[in-house]
Structures are given as C-alpha cells and as structure tokens.
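Let's take a walk through a protein together.

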Amino acid sequence: MIDKILGADFSKIAGVYENVYNGFFNEKVAGLWDKLWDMVSVIHPFVAYILIALGAIELLFGKRLLGVQKFFGMFCIGCGATVAYLVPLIPFEGIAKYAWIVGIVAGVVAILLRKFLYMVLYIGAFAFFPAWLLYSGTISALSSFAGNLIVAAAAGVVVAVLAILLRKWVEIWGLSIFGAWAVVTVLDKPAYGIGLVDKICGAVPFLADMPVVVGFVLLGVLALIGIIFQTKTRKRY
C-alpha cells in the first residue's frame, strides 16, 4: 500500500482529480452550462476582462475570501468524489440514475464538515509531497533516500507541522500565487486578443526567445504585489 501511495507518479494522482472533476462536471452539467453560456452571449466579448478581474480578486483578497472558496470547493469535491467513486460501489440496481441526488447530499455534508475536511486535505498535501519526493526517488540528488519509509515519513511530518504553524502565511502566499497565475494565464492567451507575453517578447529584442522567463517574471511580480497587499491588510488577532 505504501509503495502504491508514495511510489505513484503524478499522472496517476492527477487521474484521481480528473475523475472527481468528470464526476461533478459530467455531460448533464456541461449541457446546462452551454445553454446558460448561450443566454449570456452579451458578455462574451468581456470574458477575458472578467477572468482577469476574478484573478485579481484572488490575488488581492484570496485569504479573506477563503471561507467562500472552502464552501464551494468542498461541495464540488464531495459531490464529484461521490459520483465518481462511491456511487459505483453501492450494490443497488439503478442507483446510477440517482447518482446526482447522492452526490448533492454528499456535497452538502462536505459543506458542513468543510473546516475539518480542509485541514485534512491541507495537512495531507504538505505531508505527502515531501514524503513522495524522498520515497519515490524522483529527484536524483535525493535518490539515496528512495524507498526509505522512515526518512520519508519524518520529512512529511516536519513539513506538515511547519505548514500548520505557518498556515496563515502559507495561505496568503499560495492564494496570491494562484491569483497571479490566473491573471498571467489570461493575459498570455492570444485567443482573447491579449497575448501579453508575446507582445513583450516582440517589443524587446533580447527577450524574443525567452517567453517562459517573461511569463515567470510577470507571475513573480504580480504574486509579490498580492503577498504584500494581503499581508498589509490581513486581520490581526
């Protein structure tokens, strides 16, 4: 079991999230979304600006809005995971027809338990990642620790404890970086008529072959702005 968990590659782990996503956002929901999208065609030309605004809100106020994000996020995870993994295991004929009812009920329960579930996911993520790095031997410099469960577990515990002690700062940094990534991603999309990174590389000759560097610089600058703003405006207890 340990080998399967800590020795797994991220493509398998990503598959879990993909299944949860598909379990929540299946064809029925996608169809409803398409109909709703057609109904609000008037906002289509402004989609890029709306997405940038949402990214900027996350960048500057992500920590303050974390409670709202927990509310919707836990509902989606609870509903998606139930539809994708739990419902197929229920030994009742025809239960698949009512999968969404079961999923919604599970989503509501997840909302009620959102603080507890959030901490479980938070601690689990910070404990798993360093343990996985050491145990799987993915990084060649750390390959000497590959398969060493004690070292991997110790690293996971240390990082998880630090993440708990520095939780407010971790959340501020993480949400600021996420908001910056969202803004830069939209600004970089030529499909929206922006393509900011390409324009910068085209305007500055020595940056012509460095779009990745330009993108990371933009990301870093915006993330730094968000971190400073959220730090300065954070609630003091």
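Here is a tour that starts with the whole chain and then moves on to its details.

First, some ground rules: this is a predicted model, where local features need pLDDT of at least 70, side-chain atom pairs count only at pLDDT 80 or more, and totals for chains, interfaces and linings use all residues. Residues are numbered from 1 along each chain as its sequence is written, and side-chain values use heavy atoms, with hydrogens and water left out.

What is the protein chain built from, helices or strands? It has 11 helices and zero strands. Here, helices (H or I, at least four residues) and strands (E, at least two) are DSSP runs, numbered from the N terminus. Read from that end, the elements of the protein chain go α-α-α-α-α-α-α-α-α-α-α. Of the chain's 237 residues, 28% count as buried. Buried means under 20% relative accessible area, exposed means over 50%, and partly exposed is in between (1.4 Å probe, protein chains only). Now for contacts, which means heavy atoms within 4.5 Å. Take the contacts between residues at least 6 apart in sequence: 69% of them join residues at least 24 apart.

Let's look at how some helices meet. Helix 4 (residues 47-61) packs with helix 11 (residues 211-232) at an angle of about 50°, and their axes are 7 Å apart. Those axes are lines fitted to C-alpha atoms, for helices over the stretch in contact, and angles run from 0 to 180 degrees between N-to-C directions. Angles under 35 degrees count as roughly parallel, over 145 as roughly antiparallel, 65 to 115 as roughly perpendicular and the rest as oblique. Helix 4 and helix 11 are therefore oblique to each other. On the helix 4 side, the contact is made by Glu58, Leu59, Leu60 and Phe61, while helix 11 brings Leu222, Ala223, Gly226, Phe229 and Gln230. Sorted by class, the residues of this contact between helix 4 and helix 11 are six nonpolar, two polar and one charged. For these classes, Ala, Val, Leu, Ile, Met, Phe, Trp, Tyr, Cys and Pro count as nonpolar, Asp, Glu, Lys and Arg as charged, and the others, Gly among them, as polar.

A cavity, on a 1 Å grid over the protein atoms alone, is a set of points where a 1.4 Å probe fits but cannot get out, and lining residues have an atom within 4 Å of a point. How many cavities of 30 Å³ or more are there? The count comes to one. About 40 Å³ of space lies in the largest cavity, where grid points are joined across faces, edges and corners, and a volume is the space filled by probe spheres set on the points. By class, the lining has two nonpolar, two polar and three charged residues.

Next, find helix 7 (residues 114-136), which packs with helix 9 at an angle of about 85°, with axes 13 Å apart. Helix 7 and helix 9 are therefore roughly perpendicular to each other. Tyr118, Met119, Tyr122 and Phe126 of helix 7 make the contact with Arg167, Val170 and Glu171 of helix 9. That contact of helix 7 with helix 9 has five nonpolar, no polar and two charged residues.

Is it buried or exposed? Glu171 is buried, because its relative accessible area is 4%. Leaving aside neighbours within four places in sequence, Glu171 is in contact with Lys63, Leu66 and Tyr118.

Back in helix 4 you'll find Val47, which counts as buried because its relative accessibility is 14%. Val47 and Val186 are 139 residues apart in sequence, yet 9.8 Å apart in space, C-alpha to C-alpha.

Gly124 lies in helix 7 and counts as partly exposed, because its relative accessibility is 32%. From Gly124 to Gly156 there are 32 residues in sequence and 8.9 Å in space, C-alpha to C-alpha.

Methods. 1 Å grid on protein atoms, 1.4 Å probe; cavity = no way out; pocket = protein on both sides within 12 Å on 5 of 7 lines; lining within 4 Å.
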